Amino acid sequence: MNIRAIVTAAALSLGMVGPVFAGCDIKDEDKQGVCVDKCYFEYVSVKNRFSTGPEGLLKAKTDRDACYTKCGCEPASVKE
C-alpha cells in the first residue's frame, strides 16, 4: 500500500473524530455541566422577559458567554 494513502486515511479519521472531543460536556451532572446549565437558564429567563429590549438581549448573550468561559468552556463549543 502506498504510505501516502495510509497517512491520508489517518489524517481524515482524526479530522472527523477531533471535533467530538473539542466540545464542552454539558450532559453530565458534574461541576462543569451544572455550571453551564445555570448560565443557559439565566440567559433563557432574561430572553423570555417581555420587557427585554435588543440591548438587554445583547447584554444577556455576552453575560452567558462570559459565564461559559468562567465554567471552563469555550462559548462556541457549547451545544444548546
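Cys35 and Cys71 are linked by a disulfide, with their sulfur atoms 1.8 Å apart (a disulfide here is a pair of cysteine sulfur atoms within 2.5 Å). This is a predicted model, where local features need pLDDT of at least 70, side-chain atom pairs count only at pLDDT 80 or more, and totals for chains, interfaces and linings use all residues. Numbering starts from 1 along each chain as its sequence is written, and side-chain values use heavy atoms, leaving out hydrogens and water. The protein has three helices and zero strands, running α-α-α from the N terminus on. Helices (H or I, at least four residues) and strands (E, at least two) are DSSP runs, numbered from the N terminus.

**Disulfides**

- By the sulfur distance rule, the count comes to two disulfides.
- The link of Cys35 and Cys71 is left-handed, with -70° about the S-S bond. Cys35 sits in helix H2 (residues 31–47) and Cys71 in helix H3 (residues 54–71), so this pair ties together parts that are 36 residues apart in sequence.
- Cys71 counts as buried, at 13% relative accessibility. Buried means under 20% relative accessible area, exposed over 50%, and partly exposed in between (1.4 Å probe, protein chains only).
- Cys39 is joined to Cys67 by a disulfide as well, S to S 1.8 Å. The torsion about the S-S bond of Cys39 and Cys67 is about -65°, so that disulfide is left-handed.
- Cys39 belongs to helix H2 and Cys67 to helix H3, so the pair ties together parts that are 28 residues apart in sequence. Both Cys39 and Cys67 are buried.

**How H2 and H3 pack**

- The H2 and H3 axes come within 9 Å and cross at roughly 175°. Axes are lines fitted to C-alpha atoms, for helices over the stretch in contact, and angles run from 0 to 180 degrees between N-to-C directions.
- H2 and H3 are therefore roughly antiparallel to each other. The angle classes go like this: under 35 degrees is roughly parallel, over 145 roughly antiparallel, 65 to 115 roughly perpendicular, and the rest oblique.
- On the H2 side, the residues that meet H3 are Gln32, Cys35, Val36, Cys39, Tyr40, Tyr43, Val46 and Lys47. Their partners in H3 are Gly56, Leu57, Ala60, Lys61, Arg64, Cys67, Tyr68 and Cys71. Contact means heavy atoms within 4.5 Å.

**Rings and charge**

- Arg64 lies over the face of Tyr43, at 4.4 Å from the ring centre. A charge sits over a ring if NZ of Lys or CZ of Arg is within 6 Å of the ring centre and within 35 degrees of the ring normal.
- Tyr43 and Arg64 also turn up among the residues where H2 and H3 meet.

**Whole-chain numbers**

- Of the 80 residues of the protein, 20% count as buried.
- Residues 24 or more positions apart account for 51% of the contacts in the protein with a separation of 6 or more.

**Two more spots to look at**

- Val44 is in helix H2 and counts as partly exposed, at 23% relative accessibility. Val44 and Lys61 are 17 residues apart in sequence, and 9.8 Å apart in space, C-alpha to C-alpha.
- Ala76 falls in the segment after H3 and counts as exposed, at 75% relative accessibility. Ala76 and Asp65 are eleven residues apart in sequence and 8.6 Å apart in space, C-alpha to C-alpha.
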